[in-house]
Amino acid sequence: MGRIPTAELGRYLLTGQLGRQGCLRGAGGRRFPTRHFASQIETSTSTSTSTSTSTALPPNADPAPPPTPLRKQLKEQARSLKASGKTKTKNADNQTVAGWELTVGIEIHAQLNTARKLFSAAATSVNDAANSHVALFDAAMPGAQPLFQPATLIPAVRAALALGCTVQRVSRFDRKHYFHWDQPAGYQITQYHAPLARGGRVVLRARDGIAGEDGAAVAVAIRQLQLEQDTAKTTAQPGGAHWLDLNRVGLPLVEIITAPEIRHPATAAALVRKVQMLLRSVDACVLGMEAGGLRADVNVSVRRAGEGGLGTRTEIKNLSSFRAVEDAVIAERDRQIAVLEAGGTVAGETRGWSLGSTETRRLRGKEGEVDYRYMPDPDLGPVVVGDDLVRHLGASMGALPDAELDQLVDGHGLSAKDALSLMLLDDGARIQYFYKVLDAVEARLGCAGDGTGGCQTQAGQRHALLAANWCLHELGKLTEISSDLGMTPDGECHVPSGDLAAILGHLHQREITAKVAKDLLWGVFRGDVAAGGVTQAIETGGLWFRELSEQEYAALADRVAHGEAKVLGDFLRFKQGRTKAYPQGKLMFLVGKMMRAGPEQQMDPASAEKVMRSRIEQVYVPGLEAEA
Amino acid sequence: MSARGRPRSLRLRHVCPSRWQQRRLLNHFISKAPEPTDEPTPAFSFTLAVKDNIATTTPPASTPTTTPTTTPTPPPPSPPPLPTTCASPFLAAYHSPFEATIVTQLRARGARLVGKTNLDEFGMGSHSTFSAAGAAAQTPAAGAAAGTQDPAVRLSAGGSSGGSAVAVADGAADVALGTDTGGSVRLPAAYCGVVGFKPSYGMLSRFGVVPYANSLDTVGLLARGVGRIRELVVGPGGLWSEHDARDPTSLSEAARRRCARGREGYAAGRAGEGPVGGVLRGVRFGMPLEYNIAELDPRIRDAWAATAKRLQDEFGARVVPVSLPTTRHALAAYYVIAPAEASSNLAKYDGVRYGARDEDAASDAAGGVLYAGSRGRGFGDEVKRRILLGSYTLSSEAMDNYFIQAQRVRRLVRRDFNRVFALDNPLHERETFELSELDESIAMEDKWGPEEVDFLLCPTAPTLAPKLERVLNQTPVDAYMNDVFTVPASLAGLPAISIPMPVASNAAGAMPEGPGTAGLQLIGQYWDDARLLSVAGAVSKTLQAADPGR
């Protein structure tokens, strides 16, 4: 599964269906169901520099699923699948159907990172008290008028630039009419006739997780990017009631429309993921897909291989996770092919998809389609974006993810997987945290701390690997037990970057052991160690690494080796040329014994190994030879 | 904030002090503010009636200037706020949480709100008959039946601001606010014998005005004379200079100054004030040939021609024929654009937040239609007609043939005006015009083309105020015809004013109970409001002097 680059998708794929619980909206339920599996993954995928050993399983490691309805439903589905003799094909092996070609176009809606709504000065919010940020216009009070908030243009233009679009000098707002209770005005203001930006391109590489059939890279054209209003949030209540939260009404969205030129389901999911990463990297959107800040509609059609033109398309609305995009495309493709092979015709219709299902379902047909009656909004003038604004935003945008990823991999020596995980975690805040930690570590160690100059050296790469390993894996372990890191967008969390850097600095200079370092991390996280007090805590706890002298190591080795004649015999046979491979396993066995026997906080496994090795060669083996 | 309790569509009248009961048949108010009970009325300088599609709240309790000698009395309980019903069952009990900017502006200039006036539902109609509060009407001002109570001889008040026009005509208010989308202030002014002014689009704030068709809606003012309106709009501290940040179509301060630089009458000096002859001398009036239609009442045609002749012969004005060839298409374009915007604006009235929910209706789930029942019950006939019309013209198959074409016609209408006016339109690039496109009947002033004019002089409506009974039996399309002379200025966003023009009573005396006046309309170039009001005031004086009936 090496080509699946993100921790997120990895969790999905490696944990199978159960992992889908992870794409449910809302942060609370996100990690719990996958916790047990997640720890296994992280253990098994630790990079070589990881000093971690297998962590203790969480107390409730019992694999029996809690009785959540969804999980039960999934189990039953799996059972019925088994009973019917079919097993679910892995998506990676299900990217093509012989004799058929798939075409997918995607519309992505993303909430823009702004302080105010699109057409009112009401604040944007995520979890504030319902209906607490509603201007007169948001509630469509008679006589209230829209007031375009120019600040919205900043993230919108950045998003357009990140996607390689050309920002249009003049764009306009149109009303799109349909009746729904979540839309107080009876219409949504969008940009139908003259969108903000057109003609972009997103390049997807193999590391973005595209289908293997797409090769090393594939480009997807972005047709247009437009501004529009979000609708109210509906919460279903018992008894058929629906509660509306108008806080979300009028939040600025960008809708990103791709050309219909995606050929494989995995590539469709990769595109959505890549767009999310691009938007985040330029700070254009706040929330990721898993938090409901990004939604995708996919248009799917199939045609027989070699046929010209496109088949009739269906639209699958409101997909809220990357996995859902891929699964829904596969399901809809298979459904359309089945219909056509049975001699039927595909109806142009709107379909829905629920998490964990294996089929799309019909929402409304062509005859039920709404005529949106687009009309230019007569209250709103055109939006004119000057070249100077576009230039300035383009210049101040910072590195795009691909460039940043290249830098992390080539410059800092991280693995592509770890680099991507760092960039994706915590809505992009984890990588900021990583940079802070790395800078602080290098400052402590007295290297040039600019992150780019110093890291080309081997020492610099070692620092980066150490920091990445701790920012990713050791920090990740904290969240397995406790709720969350409290990561802020600018890259600070409950473990201040300075403190982690202090721990890593001491660790790197072998002033403390890895175990002590981990204990300190926990201490800082829990608040047992005050911020800035790492060195103090080591001092008062007497945790400095005072390594045993060579004589003490040798004495320990002698004690351990006593009575291990059978093991030592292997070394003799190696010396005599009767076995080809050096018995490294046996050596490590002895080192392990040594570590257990001695005062651990004063021992370094590497030193122990060095001493044990030399004792074997110089003392024990000659001793055995002498006996023989 | 939202609709309270059940709609009281049949009980819209909230306060009805006895003084007004004798005029019950006029039905020009939907709700009335209580009469000020105590004598020390603050510095109110005029009474104001507000069309009921303009949001009002209770004014903030005016801090009484208590003198230390008087014992402090508890402040009087503030009167209940007046609803803003738009004459629609949907908003029968709607109290706006905020006040329209124009009302606040007028309060600051000494207005005392006397009530909310009747109208066609949401401003859609030409006779103020499509109202949930019942039709408004006027009694003939002149003739044998003057002041009659006989319903059979009541006349149309015009619409949609009919209630405002009647309130001004019968003295209930000195000034009334109306809204003019396609003539809704000018037409009732013409029918009721008062002055109705529609300013340039973007001059007066629409914030708080319940929209009918945003791109055409303007706030209009009605009064018995031009002077009062002129004082408010372009007098010292006039409304013309005030930008409203809450209305995106309100011209910015900078744009106002720029527009005013090319115009007379906005400077501090009261230019234009003076003897009538001085104002009118040398002013060039255009008589649009296309407005002389077959349906034009001969009495109006005669009065129009006579007025033009007097202006030329006695006051030194120039009167020349002009051609506005697109006029004949303007009405059709208006009745595509306005319903289209209306259908969009009225989408919010769905029974969820406003009006009565149709409890029997299906849910919004697939196949169900939650809103249709509520909307079917909640809107009046004319509003439903225009929503259907607008929904059709915006539908994807009809859009190109109707809405887009109508917008093209709208541009041509504006172009027509720009061609005949001597002043440029400050909102558009200067255009050049082909002489070959011109109507052959237009006389050339020189080889460069026909003479350009300052104002257009034309009737406000093709007929005098018709009897209410007749109006009620009209087909809707007949009613739309009344807007034929007022719609072009609305489409072009130009300032226009209707002033009363006396007409001769029929020689045969066939309609002794008929109205004594028609409306004479003056249309000016964009932002030429100041000079328009000044010239209209002067023309009005000449008409009064010439009134055969006085």
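Predicted model: local features only at pLDDT ≥ 70, side-chain atom pairs only at ≥ 80, totals over all residues.

Residues are numbered from 1 along each chain as its sequence is written, and chains are lettered from A and ligands numbered from 1 in the order in which they are written.

Me: Is Pro146(A) buried or exposed?
Reply: A residue is buried if 20 or more other C-beta atoms, placed from the backbone, lie within 10 Å of its own, exposed if 12 or fewer, and partly exposed in between. Because Pro146(A) has 21 other C-beta atoms within 10 Å, Pro146(A) is buried.

Me: Which residue of chain B is in contact with Pro146(A)?
Reply: Contact requires C-beta atoms, placed from the backbone, within 7 Å. Leaving aside neighbours within four places in sequence, the contacts of Pro146(A) include Asp379(A) and, from chain B, Pro248(B).

Me: How far apart in space are Pro146(A) and Asp379(A), C-alpha to C-alpha?
Reply: In sequence, the two are separated by 233 residues. From C-alpha to C-alpha, the distance between Pro146(A) and Asp379(A) is 7.1 Å.

Me: At what angle do helices H15 and H18 of chain A pack?
Reply: Helices are DSSP runs (H or I, at least four residues), numbered from the N terminus. Axes are lines fitted to C-alpha atoms over the stretch in contact, and angles run from 0 to 180 degrees between N-to-C directions. With axes 9 Å apart, H15 (residues 550-561) and H18 (residues 605-627) of chain A pack at about 65°.

Me: How many residues of chain B are in contact with chain A?
Reply: Chain A contributes 26 residues to this contact. On the side of chain B, the number is 31 residues.

Notes:
Contact = placed C-beta atoms within 7 Å. Helix = DSSP H or I, 4+ residues; strand = E, 2+ residues; numbered from the N terminus.
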